[in-house]
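Please read each point with the structure open.

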Amino acid sequence: MPTEKQLDYLELISLSKALLEGQVVLDAITGQEPDIAFIEKQHRRIAEYKRKITEMTKREDEPG
């Protein structure tokens with residue numbers, strides 16, 4: 001069962017993905033070049049959140 005903190009990180013992942021998708025769509029609609037720095041930053045954040053969830057899961061699986 002996911003902990004509250006893991007659920008928070010899952011929510012952050014979801015929000016980051018939605019923000020990223022929204023920005024890409026907005027850039028396409030307005031004809032602007034995609035902001036590569038923003039896209040990379042969001043991908044790094046998502047990877048960091050996933051890493052934190054994985055670390056928490058590993059700690060829970062360790063014998064106590």
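1. Overall dimensions. The protein chain has a radius of gyration of 15 Å, whereas a compact globule of 64 residues would have one near 11 Å. This radius is taken over C-alpha atoms, and the globule rule is 2.2 Å times the number of residues to the power 0.38. Along the principal axes, the C-alpha atoms fill a box of roughly 55 × 20 × 10 Å.

2. Basis of the values. This is a predicted model, in which local features need pLDDT of at least 70 and side-chain atom pairs count only at pLDDT 80 or more, while totals for chains, interfaces and linings use all residues. Residues are numbered from 1 along each chain as its sequence is written, and side-chain values use heavy atoms, with hydrogens and water left out.

3. Secondary structure. The protein chain contains two helices and zero strands. These elements are DSSP runs numbered from the N terminus (helices: H or I, at least four residues; strands: E, at least two). Helix α1 covers residues 4-30, and helix α2 covers residues 36-61.

4. Contacts and surface. Among the contacts in the protein chain with a separation of 6 or more, 68% join residues 24 or more positions apart; contact means heavy atoms within 4.5 Å. Of the 64 residues, 19% count as buried. Buried means under 20% relative accessible area, exposed over 50%, and partly exposed in between (1.4 Å probe, protein chains only). The protein chain exposes about 5,100 Å², of which carbon and sulfur atoms supply 58%. Accessible areas come from the Shrake-Rupley method with a 1.4 Å probe, and for residues only the protein chains shown count as cover.

5. Lys and Arg count as positive and Asp and Glu as negative, with His and the chain ends not counted.

6. Salt bridges. How many salt bridges does a search of the whole structure find? The search finds two, a salt bridge being a side-chain nitrogen of Lys or Arg within 4 Å of a carboxyl oxygen of Asp or Glu. One joins the side chains of Glu 48 and Arg 51, at 2.3 Å from N to O. The other pairs Arg 51 with Glu 55, with the closest N and O atoms 2.1 Å apart.

7. Glu 48 and Arg 51 are three residues apart in helix α2, and so are separated by about one helical turn. Arg 51 and Glu 55 also both lie in helix α2, four residues apart, about one turn of the helix. Glu 48 counts as partly exposed at 30% relative accessibility, as does Arg 51 at 36% and Glu 55 at 33%.

8. Asp 27. This residue lies in helix α1. Asp 27 is buried yet has no salt bridge, and the nearest side chain of opposite charge, Lys 41, is 14 Å away. In general, side chains of opposite charge can pair when their charged atoms come close. Not counting residues up to four places away in sequence, Asp 27 touches Gln 32, Glu 33, Pro 34 and Asp 35.

9. Gln 6. Is Gln 6, at 4% relative accessibility, buried or exposed? Gln 6 counts as buried, and its place is in helix α1. Leaving aside neighbours within four places in sequence, Gln 6 is in contact with Met 1, Ile 53, Met 56, Thr 57 and Glu 60.

10. Sequence and space. Glu 48 and Ile 13 are 35 residues apart in sequence and 9.3 Å apart in space, C-alpha to C-alpha. Thr 30 and Arg 51 are 21 residues apart in sequence and 34 Å apart in space, C-alpha to C-alpha. Thr 30 lies in helix α1 and, at 45% relative accessibility, counts as partly exposed.
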